[in-house]
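Hi,

Here is the structure I said I would pass on. Have a look at it first, and then read my notes below.

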Amino acid sequence: MVNIPRLVVAAPSSGSGKTTVATGLMAAFAARGLAVSGHKVGPDYIDPGFHTLATGRPGRNLDAYMCGPELIAPLFVHGARGCGLAVVEGVMGLYDGASGLGELASTAHVAKLLRAPVVLVVDASSQSRSVAALVHGFASWDTEVRIGGVILNKVGSDRHEALLREALEESGVPVLGALRRAEGVSVPSRHLGLVPVAERRSDAVAAVAAMAGQVAAGCDLEGLVALARSAPALPDAGWSAGEAVGGAFGGAVPLPAPSRNRGSAPDPAPQTPAALGGAARLDVGAGAKPVVAVAGGAAFTFSYAENTELLAAAGADVVTFDPLRDEALPLGTRGVVIGGGFPEVYAPELSANEALRKAVAELALSGAPVAAECAGLLYLARSLDGLPMCGVLDADARMTKRLTLGYRDAVALTDNVLAPAGARMRGHEFHRTVIEPGAGDEPAWGMRLPERRVEGFVRGNVHASYLHTHWAASPRTAVRFVERCRG
């Protein structure tokens, strides 16, 4: 068994202030010298970036739909091991889960799986005594969910706070904080939510510091720590990337190395013809690690930490590159992974980097494995909003006003670098773009839910799709990709 003090920060609905409170708590406790682990319920990529900034550790997701309920506690223990406190930020309202599937993947579901006390953040801006009825309803709805305290957000005045506290005395749920309305803690938003940390680093640092200050001034930090420590021990069966891929490449999983495009010693000379746009494909011996280049930088910020850990555990030498800055892929690249993000915001800059676009296209044409999700799909297209992209796919992408959002149940229609034909995968979509056509002659996925359709592209060793997936649910995905890179 392992003892990890932990809290789940939830709310009655979206917009109540969960991110402010959760991130502020992480940063406030980290400033006190605690090792803090930050987690996010659901598939969201942006909030974990703020958690990383607040704690200095990778922000991690806990998604019971994509990964399955059985992996929630192991993934949590993996991320939080050795920490003095773990803070889990919820998603939407406390009891809101995957559409039509009851409590599955809700904050309440994850809190029960972690046996963690819940702190309910309530937007109190337009109520006084009614807050007690609201809290009572949430606390009594599911007796397996332990709401251990309330933090009142957007409180208007001392008088308002007094009225709220007086009302909640009758609820039996203690008030562990009261936060005034504050401008300094606001974070800019756009078409897919908050602006990621990587795009506004200095402003994000200032916002996180403001959140920490507000939370430290308005919350009972000692009471919150005591509540976190009341959580019972969990089975010491933390997830391991090495064990997940079968132990063939056991040991510690290294973090991705920085880009090698500038200021580093050259790799050995390629044994194949000349480097494709600066990214030479080397013959990989049985004991060598193939270089897998993973897109990063401001345009490609959506990724799950476990995906990269699995690639490394499967035997890859994972190296990051920035499509906005780097004019060549890392030397020796044998495969490329391009995750999600905001290429539509940076389309002119991505298009202007013609050297890298050519390198990616030539590497794909050579037969090297390329896996692209959402933003990666757009980058591989012929064009995005009329601007040239890599041209790997005979398709064109553009922004729309329509938001496509939700969980998906998919099956691989074509044997590819990520999965054999017929493999089932759960994932999610999150975009305001369309690509035409929406699927190639060999589609990547057949969507089973919420509607039946085909989606994505398989072209040789290229796999490109809107579907975001969490590879912890299917570790063989990373193994299969790395094996193709060796081939």
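Before the counts, a word on terms: helices are DSSP runs of H or I with at least four residues, strands are DSSP runs of E with at least two, and both are numbered from the N terminus. On that basis, the protein has 14 helices and 22 strands. Please keep in mind that this is a predicted model.

Some overall values to start with. The protein has 487 residues, and 57% of them are buried. Its accessible surface is about 18800 Å², with 53% of that belonging to carbon and sulfur atoms. I also looked at contacts between residues at least 6 apart in sequence: 76% of these join residues at least 24 apart.

Now for two helix pairs.

How do helix 1 and helix 2 pack? Helix 1 covers residues 18-31 and helix 2 covers residues 46-55; their axes are 8 Å apart, at an angle of about 20°. Angles under 35 degrees count as roughly parallel, so helix 1 is roughly parallel to helix 2. Their crossing is right-handed. On the helix 1 side, the residues that meet helix 2 are T19, T23, M26, A27 and A30. Their partners in helix 2 are D47, F50, H51, A54 and T55. Sorted by class, this contact between helix 1 and helix 2 has 5 nonpolar, 4 polar and 1 charged residues.

The other pair is helix 3 (residues 72-80) with helix 4 (residues 107-114). The axes of these two come within 9 Å and cross at roughly 75°. Since 65 to 115 degrees counts as roughly perpendicular, helix 3 and helix 4 are therefore roughly perpendicular to each other. Here I72, A73 and F76 from helix 3 meet V110, L113 and L114 from helix 4. The class count for the contact of helix 3 with helix 4 is 6 nonpolar, no polar and no charged residues.

Next, a lysine to look up in the viewer. K40 sits in strand 2, which spans residues 36-41. Is K40 buried or exposed? Its relative accessibility is 4%, and buried means under 20%, so K40 counts as buried. What is K40 in contact with, once its neighbours within four places in sequence are left aside? The list is D47, P48, H51, R60, N61, L62, E89, G90 and V91.

Finally, some backbone details.

- The peptide bond from E436 to P437 is cis, with omega near 0°. P437 is in the loop between strand 17 (424-436) and strand 18 (445-449).
- K154, in strand 6 (residues 147-155), has a phi near 60°, which is a positive value in a residue other than glycine. With a relative accessible area of 29%, K154 is partly exposed.
- D385 also has a positive phi, near 50°, and is likewise a residue other than glycine. D385 is found in the loop between strand 14 (383-384) and strand 15 (387-388). Its relative accessible area is 38%, so D385 is partly exposed.

That is what I have for now.

Best wishes

Technical notes: Residues numbered from 1 in each chain as written. Predicted model: local features only at pLDDT ≥ 70, side-chain atom pairs only at ≥ 80, totals over all residues. Heavy atoms only, no water. Axes fitted to C-alpha atoms, helices over the stretch in contact; angles between N-to-C directions. Parallel < 35°, antiparallel > 145°, perpendicular 65-115°, else oblique. Contact = heavy atoms within 4.5 Å. Nonpolar A, V, L, I, M, F, W, Y, C, P; charged D, E, K, R; others polar. Left-handed = near helix turned anticlockwise from the far one by under 90°. Buried < 20%, exposed > 50% of the residue type's maximum accessible area, 1.4 Å probe, protein only. Areas by Shrake-Rupley, 256 points an atom, 1.4 Å probe, with all protein chains shown as cover.
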